[in-house]
Amino acid sequence: IYSRQGGGHYVCDVTKNSFADPLLSLVNKNKDFKFQVIELRQSLEGTAAFYAAKRATDQDKKTIQARLDELKMIAGKSSPKQEAKADLGLHLAIADAAHNTPLSLLIRNVYALLVELIEEHLNLIQHNEKINVQLQIQHAKLVDAILAGDAVAARDLSYDHLSYVRDSFDQSDSMLKRNQNSLMRAHLFGE
């Protein structure tokens, strides 16, 4: 709420200018910054998974399971953008189940960055069945730990999942750079 002298009191739009805005600018300028965003996700989402396992209500658990089921239905079958939104939907359901409003708001602000990053990642790995299967297994194990109330396992599985995402991003980026170099050589040498 903010006040104007002689003008009354007004409710602020706290989502209008989020801290994600300058971060998005940095990610767009420096693609290596995405790895730092993944590290931030590890901290935030690991904590959210821990508390979700401890605090999730029956309704929260149903929502988390429904988001996982939605992701399973479209994984590898839809556009990377739709899959990215479903992936984030699952992680947001977990964040909300932590019943920690500041944490949930922080994660939501960071997710403004993540739709594009996850879509980019899915574009890079869409033809790699091994990575796609591993991501689905990790999501299922994470949800199982939360539903079972195993907070330590949920935190560790969340951290491991995002480490795997970071590593597969790194591998995909390396492969993309090698492919670009091959195309450049072929163009330069007329191959």
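**Helix H6 and its partners**

Modeller: Helices H2 and H6 are oblique to each other, because their axes cross at roughly 40 degrees and come within 6 Å. On the H2 side the contact is made by Ala49, Ala52 and Ala53, and on the H6 side by Leu142, Ala145 and Ile146. By class, this contact has six nonpolar residues and no polar or charged ones.

This is a predicted model, in which local features need pLDDT of at least 70 and side-chain atom pairs count only at pLDDT 80 or more, while totals for chains, interfaces and linings use all residues. Residues are numbered from 1 along each chain as its sequence is written, and side-chain values use heavy atoms, with hydrogens and water left out.

The terms are as follows. Helices (H or I, at least four residues) and strands (E, at least two) are DSSP runs numbered from the N terminus. Axes are lines fitted to C-alpha atoms, for helices over the stretch in contact, with angles from 0 to 180 degrees between N-to-C directions. Angles under 35 degrees count as roughly parallel, over 145 as roughly antiparallel, 65 to 115 as roughly perpendicular and the rest as oblique. Contact means heavy atoms within 4.5 Å.

H6 (residues 129–148) also packs with H4 (residues 80–97), at an angle of about 20 degrees and with the axes 11 Å apart; H4 and H6 are therefore roughly parallel to each other. The crossing of H4 past H6 is left-handed (the near helix is turned anticlockwise from the far one by less than a right angle). H4 contributes Glu83, Asp87, Leu90, His91 and Ile94 to the contact, and H6 contributes Gln136, His139, Leu142, Val143 and Ile146. These residues divide into five nonpolar, three polar and two charged (Ala, Val, Leu, Ile, Met, Phe, Trp, Tyr, Cys and Pro count as nonpolar, Asp, Glu, Lys and Arg as charged, the others, Gly among them, as polar).

Leu90 touches His139 and Val143, and also Ile64, Arg67, Leu68 and Leu71, not counting residues up to four places away in sequence.
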